[in-house]
Amino acid sequence: KKQGTSRVYLNMSAQLSRLVSTSARIAPSSVRRCSVLLQHLKGPVRTMSSSQSENEDEVLFSYEGDKEKGGAYRLITLNRPKALNSLNLNMIQLITPDMLRVAEDDSVHFIVMKGTGGKAYCAGGDIRAITDAGKIGDPLPTQFFRGEYRLNHLVGTCKKPFVAIIDGITMGGGVGLSVHGPFRVATERTLFAMPETFIGLYPDVGGSHFLPRLSGSLGMFLALTGYRLKGRDVLSAGVATHLVATDKLPELYQQLATVCSTSLTPGDQEASHTAIRDVLDACHKQCAGVDARNFSLEPYMEQINRCFSRDSVEGILAALEKDGSDWAQQQLKTLSKMSPTSLKVTHQQLMLGAQLSFDDCFKMEYRMSLAFMKGKDFYEGVRAVLVDKDNSPKWSPSSLDQVTPEMVQSYFQTLPSHEELTLLN
């Protein structure tokens with residue numbers, strides 16, 4: 001069967017190669033579809049059993065403690081270290097039913113999620129696969145965004161307390177798998193950012209909800225500029241709830257398991273929440289000297305609150321121009337590199353999100369993501385940053401004044417009722 005499958009793939013690949021080589025006689029859209037298919041077909045051929053096994057290994061599941069005696073927590077480990085644990089559809093489809101099942105199991109007191117590899121918790125979503133699929137009209141983007149936002153929402157509404165160990169790079173999709181839970185544990189290696197405006201997208205995964213609820217105009221600043229928070233910064237900004245040294249994490253996991261086995265009654269979620277907080281508070285206090293820097297944005301918070309509180313992107317730019325400081329000039333330089341469409345849509349997103357419920361923020365973002373898949377800038381941003389890596393995207397429209405209010409509003413249009421996002425909780 002394996003040899004037969006290989007021959008089928010090789011034949012298809014050869015035919016597609018010939019088709020692409022005659023592109024002068026074929027519609028450009030057909031050439032693009034064939035090129036993407038060819039890229040996938042040129043990958044290694046796997047049998048169904050080996051492919052399934054590898055997919056299952058992208059997320060690891062275990063019980064820590066003594067589940068048989070009613071005292072354990074569920075440990076979910078993101079296991080794509082070579083891809084910095086970036087989130088794909090398969091991982092979503094593994095994690096979601098597991099969390100729903102664990103939520104009903106009284107012998108499991110809470111859920112802990114972490115990443116492997118030592119470099120990242122989760123560096124984002126698998127946007128290369130999403131844009132490749134979007135180019136050929138594949139349903140993957142719709143399936144991915146629907147599943148991702150349901151899972152992000154579940155992190156914030158799960159019956160069991162959720163603890164995210166955001167050790168290392170935590171961006172985009174990784175933010176959605178952490179920031180909505182009650183406990184977010186950063187380390188000195190944490191690197192947090194929402195850099196979507198640089199790739200022609202917007203800060204999704206619930207950014208509509210959590211960003212406007214950070215102190216002052218900090219959320220708007222982070223959303224538009226993609227500024228990176230490191231180590232203690234993540235705690236100071238209010239993104240993390242605790243800071244623990246990386247070398248203390250094994251001890252933290254053991255303490256959480258001990259609490260499950262000795263102190264908690266099955267089904268008592270309030271007691272579980274209190275016990276987790278007590279353990280994390282103690283570890284946080286023990287690590288008080290870790291990354292003892294002051295908040296990197298503290299010297300600029302007055303300027304951030306003044307400049308980024310304006311009711312339009314143009315207003316923000318004017319305020320930065322008027323400020324005139326070196327810091328303000330740097331922000332202007334940064335914003336000039338971003339997609340004009342993304343900047344205006346993101347500004348509107350956060351203005352609306354500040355007034356919306358947790359549920360409605362995800363429903364709005366689902367509409368927005370499908371709209372971005374129909375545009376140009378997301379594909380161009382991914383090309384410039386991840387494919388050709390020239391970091392010179394050609395945005396369309398190319399300037400803020402060309403992005404009309406009507407264009408911005410089109411990203412927020414409701415969908416037919418049967419296409420709207422439905423949530424799990």
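**Figure 1. Ile166 and its partner across the strands.** Ile166 has Ala186 as its bridge partner in strand S7. This is a predicted model, so every view here shows a prediction. S5 and S7 (residues 183-186) run parallel and are joined by 4 bridges.

**Figure 2. Strand S5, covered on both faces.** How many of the residues of strand S5 (residues 162-166) are buried? The count is 5 of 5, so the strand is mostly covered, given that buried means under 20% relative accessible area. Phe162, Ala164 and Ile166 are buried on one side, while Val163 and Ile165 are buried on the other.

**Figure 3. The open sheet around S5.** Step back and you'll find 6 strands in an open sheet, ordered S1-S2-S3-S5-S7-S10, with mixed pairing. Which strands stand at the edges? They are S1 (59-66) and S10 (242-243): each has a single partner strand, so one side of each is left without a neighbour in the sheet. Helix H11 (residues 249-262) packs on this sheet and touches S1, S2 (71-78), S3 and S5. The direction of H11 makes about 145° with that of S2.

**Figure 4. Leu320 and the nonpolar cores.** The largest nonpolar core has 94 residues, and Met99, Leu218, Leu229, Phe308 and Leu320 are the ones that touch the most other members. Helix H17 (residues 358-374) gives this core its largest share, 9 residues. There's also a second, separate core of 25 residues, which includes Tyr73, Ile165, Leu249 and Leu280. Back at Leu320, leave out residues up to four places away in sequence and you still get touches with Cys307, Phe308, Trp327, Ala328, Gln331, Leu332 and Leu335.

**Figure 5. Thr131, tucked into helix H5.** Thr131 sits in helix H5 (residues 127-135). Is Thr131 buried or exposed? Its relative accessibility is 2%, so Thr131 counts as buried. A polar atom of the Thr131 side chain lies 3.1 Å from the backbone oxygen of Arg128. Setting aside neighbours within four places in sequence, Thr131 is in contact with Phe378, Tyr379 and Val382.

**Figure 6. Glu420, after the helix H19.** Glu420 belongs to the segment that follows helix H19 (405-409). Why does Glu420 count as buried? Its relative accessibility is 19%, and the cut-off for buried is under 20%. Which residues does Glu420 contact, apart from neighbours within four places in sequence? They are Lys363, Tyr366, Arg367, Thr414 and Leu415.

**Figure 7. The whole chain, for orientation.** Of its 425 residues, 50% are buried. Among contacts with a separation of 6 or more, 74% are between residues 24 or more positions apart. The chain exposes about 19300 Å², with carbon and sulfur atoms supplying 51% of that.

Terms used
Residues numbered from 1 in each chain as written. Predicted model: local features only at pLDDT ≥ 70, side-chain atom pairs only at ≥ 80, totals over all residues. Heavy atoms only, no water. Buried < 20%, exposed > 50% of the residue type's maximum accessible area, 1.4 Å probe, protein only. Contact = heavy atoms within 4.5 Å. Areas by Shrake-Rupley, 256 points an atom, 1.4 Å probe, with all protein chains shown as cover. Helix = DSSP H or I, 4+ residues; strand = E, 2+ residues; numbered from the N terminus. Polar contact = N/O pair within 3.5 Å; in protein donor to acceptor, adjacent residues only side chain to side chain. Core = buried A, V, L, I, M, F, W, Y, C linked by side-chain atoms within 4.5 Å. Pairing = 2+ DSSP bridges. Axes fitted to C-alpha atoms, helices over the stretch in contact; angles between N-to-C directions.
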